[in-house]
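Work through the exercises below with the structure in view. Each task is followed by its solution.

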Amino acid sequence: MNILMFGDVVGQIGCDCLARNMAKLRQQYHADFVVVNGENSATGNGITPQSAQSLLGMGADVITTGNHCFRRRCMEIYENPRILRPANFPEGAPGCGMFTADLGRIQICVINLMGTAYMEPLDNPFTAMDRLLEQTDAKIILVDFHAEATAEKKAMGYYLAGKVTALAGTHTHVQTADHEILEGGTAYITDLGMTGPMRSVLGVAPALAIEKQRFHCPVAFTEADGACMINGACISVNDRSGRAESITPILLRDV
């Protein structure tokens, strides 16, 4: 089977871009399952009921998030088990970090995790993964590791080699060129990249990002305009073993 995973979708422009192309992408890659990171899908950042519904409506089977998961304080969206927040948030936080989809012939477990290097001091992600793996019997396990540091993502990839089907990094909004199949049949990529405006600074209008970094004063970010790109990956999986057989980056520009 083939699984599509898409990097951080930025704002309404990113949602609209992915919606226009989702059916074509599912057909092109013969996709059976789609995971989309939606933590920046609302205008400004964060995720709202409206942006979440947009992603689900266009064909996302599961939505993952990250450090902006509670930015809009729309806690009710996490009543939907298909919308995840990082599993290593403290116990009692709204929502859940793991969801298992039952496709009849096979189960797919999706785990959302967040790094702690240069980010919020959440629970240890390695310890959290150990605990989560004990809670699932699914052969196909997909991990969205929302983290800043490349070294932390690489370490997690090797730690989970042979234990999960795929580990895809998100958060940095720039697609990396290190996709590979690790020992034990685990597909890996440090960062899936971004789905949003091409001429931007991680989705933000360049002039605003420059102002922020040049003067260090508060700036209200807005998304850039213009043509978009779609970043993600297609992971081909052996249904019986749950092992990944290939990972193909998706990079569409000017769409």
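Two strands pair if DSSP finds at least two bridges between them. The model used here is predicted.

**Exercise 1.** Find how many bridges join strand 7 to strand 8, and which way the two strands run.

Solution. Strand 7 and strand 8 are joined by 5 bridges. The two strands run parallel.

**Exercise 2.** Decide whether strand 8 (residues 166-170) is enclosed by the rest of the structure, and sort its residues by the way they point.

Solution. In a regular strand, side chains alternate between the two faces of the sheet. Ala 166, Ala 168 and Thr 170 point one way, while Leu 167 and Gly 169 point the other way. Buried means under 20% relative accessible area. Because 5 of the 5 residues are buried, strand 8 is largely enclosed by the rest of the structure.

**Exercise 3.** Describe the surroundings of Phe 145.

Solution. Phe 145 lies in strand 7 (residues 140-146). Its relative accessibility is 0%, so Phe 145 counts as buried. Beyond its neighbours within four places in sequence, its contacts include Leu 167, Ala 168, Gly 169 and Thr 170, and also Pro 125 and Met 156.

**Exercise 4.** Describe how helix 3 (residues 125-133) and helix 4 (residues 150-159) pack.

Solution. The two axes come within 11 Å and cross at roughly 30°. Angles under 35 degrees count as roughly parallel, so helix 3 is roughly parallel to helix 4. Their crossing is right-handed. Helix 3 contributes Pro 125, Phe 126, Met 129 and Asp 130 to the contact, and helix 4 contributes Glu 152, Ala 155, Met 156 and Tyr 159. These residues divide into 6 nonpolar, no polar and 2 charged.

Technical notes: Residues are numbered from 1 along each chain as its sequence is written. This is a predicted model: local features need pLDDT of at least 70, side-chain atom pairs count only at pLDDT 80 or more; totals for chains, interfaces and linings use all residues. Side-chain values use heavy atoms; hydrogens and water are left out. Axes are lines fitted to C-alpha atoms, for helices over the stretch in contact, and angles run from 0 to 180 degrees between N-to-C directions. Helices (H or I, at least four residues) and strands (E, at least two) are DSSP runs, numbered from the N terminus. Angles under 35 degrees count as roughly parallel, over 145 as roughly antiparallel, 65 to 115 as roughly perpendicular and the rest as oblique. A crossing is left-handed if the near helix is turned anticlockwise from the far one by less than a right angle, and right-handed if clockwise. Contact means heavy atoms within 4.5 Å. Ala, Val, Leu, Ile, Met, Phe, Trp, Tyr, Cys and Pro count as nonpolar, Asp, Glu, Lys and Arg as charged, and the others, Gly among them, as polar. Buried means under 20% relative accessible area, exposed over 50%, partly exposed in between (1.4 Å probe, protein chains only).
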